[in-house]
Amino acid sequence: MILDREQPEQVEIDITFTGLKGRGGLALSRVIIKNCTGYDPDEIKRHLDAGMELIGGWERFVSPGMQVLLKVNLIGPKRPETAAVTHPEFVRALTRILKEQGCTVWIGDSSGGSIAGIAPTAQSLVVSGLARVAKEEGAVIKNFDKEGVVEVTPASGRVSRMYLARPMFDADFVINLPKLKTHSAGIYTGAVKNLFGCIPGLRKAEYYRLAPDPKDLGQTIADIHQAVKVGLHIMDGITAMQGEGPTAGDVYHAGKILISTDPLALDTVAAAMLGMEVDDIPILVSARERQLGESDLAKIEVAGDFDAPILLPDFKLPKRFRSSRKSNHAVLVKLIDFLKTRPRIKRKLCKDCNMCVESCPVQAIDRESKRIDYASCIECMCCHELCLHNAVELKRDNLIADIFTRLYRGTYR
Ligand code: SF4
Ligand code: SF4
């Protein structure tokens, strides 16, 4: 059974996972881009309020007495300056807005990985600053690992049942707050991918094992979107992560906030800002197949401070990125595929916390030596994603291939 949660009566527009539909005369897929220079909550609040006016204003989505869940990106115990997590001041600004609207605010997520057999969500809430902001602003923390689950039957049928964090169903309204980031395995992570955190605790590794290909993982993520019904997606792109995201990349000051009711439209616009297309990003290809929203830029109305996606200059994409636009170089692409990057643990940086060992879905990392068994490795990049000490690097074994690929990127991007 797929849970079909009723939208609250107070909400006048019909909100589905594909965006705003009909009533209100608004575009089906509209993405608002606002410029925002930093994390001053007053400035963020001003831009959010102005941006929301362009899709009908806050009162079209929330009303007094509602319990509103802010589904943040809390990938791990990372400080906000790293651009790995939704910034706490961004969450503060939203909390203030929603409290002004008379709502109760919940802040929730589940982190990836495992330390000593336990998901690090509680630690992440403290390190990220979200626990402090929640306390200061009177919001309620919902640690998805401790709030219970709701059983759903995934529409894809890839698995017979799936367990998702209960607050996603208990809230009257859910706002998804992704971070603008690259992803070493999936190329990009944004609004669509952010709902993967609805799978509590250590179960995430099991889904990685079942779906080693990012496109297959995309089907699982599409199942989550179709089960939970999020009403609004607001991306924290004030600082973004470039290079080898989603945790080990570098900070890029993008200065952008993106707002949409359509997660795929938002990601399509965000990807265009990074110089990519939906076809370059396997999870978004799956989202398009599953009709999670609009992925044709020509059919997405961009408004706010721009009327089209703007290219962020000198933004570094992950090593694995190879544009689908290079199809006329298929042989070269195949060669690069053959000599692709693999994770390798730098012993000098390793602190022996064993997060990678315990998070590896196929137990490919030796606990003592930290050597990776590449015959077992499914290249999910969880070890790279979750290591808090940047000790897992992505290396090409073949130096010539490395140089070749760099030249290739430089020539054809
Ligand atoms: S590589 Fe990173 S995650 Fe793995 S044990 Fe070392 S420090 Fe921990
Ligand atoms: S070694 Fe790393 S990339 Fe390979 S399967 Fe394990 S976690 Fe994934």
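Which residues come nearest to ligand 2? Of the 14 residues around this ligand, the nearest are Cys 360, Cys 377, Cys 380, Cys 382 and Cys 383; a residue is near a molecule or strand if its C-beta atom, placed from the backbone, lies within 6 Å of it. The structure is a predicted model, in which local features need pLDDT of at least 70 and side-chain atom pairs count only at pLDDT 80 or more, while totals for chains, interfaces and linings use all residues. Residues are numbered from 1 along each chain as its sequence is written, and chains are lettered from A and ligands numbered from 1 in the order in which they are written.

The shell around ligand 2 splits into 13 nonpolar residues, no polar ones and one charged. Here Ala, Val, Leu, Ile, Met, Phe, Trp, Tyr, Cys and Pro count as nonpolar, Asp, Glu, Lys and Arg as charged, and the others, Gly among them, as polar. Around ligand 1, the shell holds eight nonpolar, two polar and two charged residues. Among them are Cys 350, Cys 353, Cys 356 and Cys 387, along with His 389 and Asp 352.

Asp 352 also has a backbone worth a look. Its phi is positive, about 55 degrees, although Asp 352 is not a glycine. Most residues other than glycine have a negative phi, and most peptide bonds are trans. Asp 352 sits in the loop between strand S15 (342–345) and helix H11 (355–359); helices (H or I, at least four residues) and strands (E, at least two) are DSSP runs, numbered from the N terminus. Is Asp 352 buried or exposed? Asp 352 counts as exposed because it has 12 other C-beta atoms within 10 Å. The cut-offs are 20 or more other C-beta atoms within 10 Å for buried, 12 or fewer for exposed, and anything in between for partly exposed, with C-beta atoms placed from the backbone.

Glu 379 is another residue other than glycine with a positive phi, near 55 degrees. This residue lies in the loop between H11 and helix H12 (382–386). With 19 other C-beta atoms within 10 Å, Glu 379 is partly exposed.

Moving on to the strands, S12 (232–242) is mostly covered, with eleven of its eleven residues buried. S12 pairs with S13 (residues 250–260) in the antiparallel sense over nine bridges, and two strands pair if DSSP finds at least two bridges between them. Gln 242 has Asp 250 in S13 as its bridge partner. Strand S9 (residues 173–177) runs parallel to S12, joined by two bridges, and there Ile 175 stands opposite Leu 232. Strand S10 (residues 179–183) is parallel to S12 too, again over two bridges, with Lys 181 partnered by Met 241. The loop between S12 and S13 contains Pro 246, and a cis peptide bond, with omega about 10 degrees, joins Gly 245 to Pro 246.

S13 has a further partner in strand S3 (residues 30–35): these two pair in the antiparallel sense over four bridges. Why is S3 largely enclosed by the rest of the structure? Five of the six residues of S3 are buried, so the strand is largely enclosed.

Eleven of the eleven residues of helix H8 (residues 263–273) are buried, so H8 is largely enclosed by the rest of the structure. The buried residues include Leu 264, Leu 266, Asp 267 and Met 273. Just after H8 comes Gly 275, with a positive phi of about 90 degrees. In helix H7 (residues 214–228) lies Thr 220, which counts as buried because it has 23 C-beta neighbours inside 10 Å. Thr 220 and Gly 157 are 63 residues apart in sequence, yet 9.4 Å apart in space, C-alpha to C-alpha.

Finally, there is a helix pair. The axes of helix H1 (residues 41–53) and helix H2 (residues 88–100) come within 9 Å and cross at roughly 60 degrees; axes are lines fitted to C-alpha atoms, for helices over the stretch in contact, and angles run from 0 to 180 degrees between N-to-C directions. That makes H1 oblique to H2, since angles under 35 degrees count as roughly parallel, over 145 as roughly antiparallel, 65 to 115 as roughly perpendicular and the rest as oblique.
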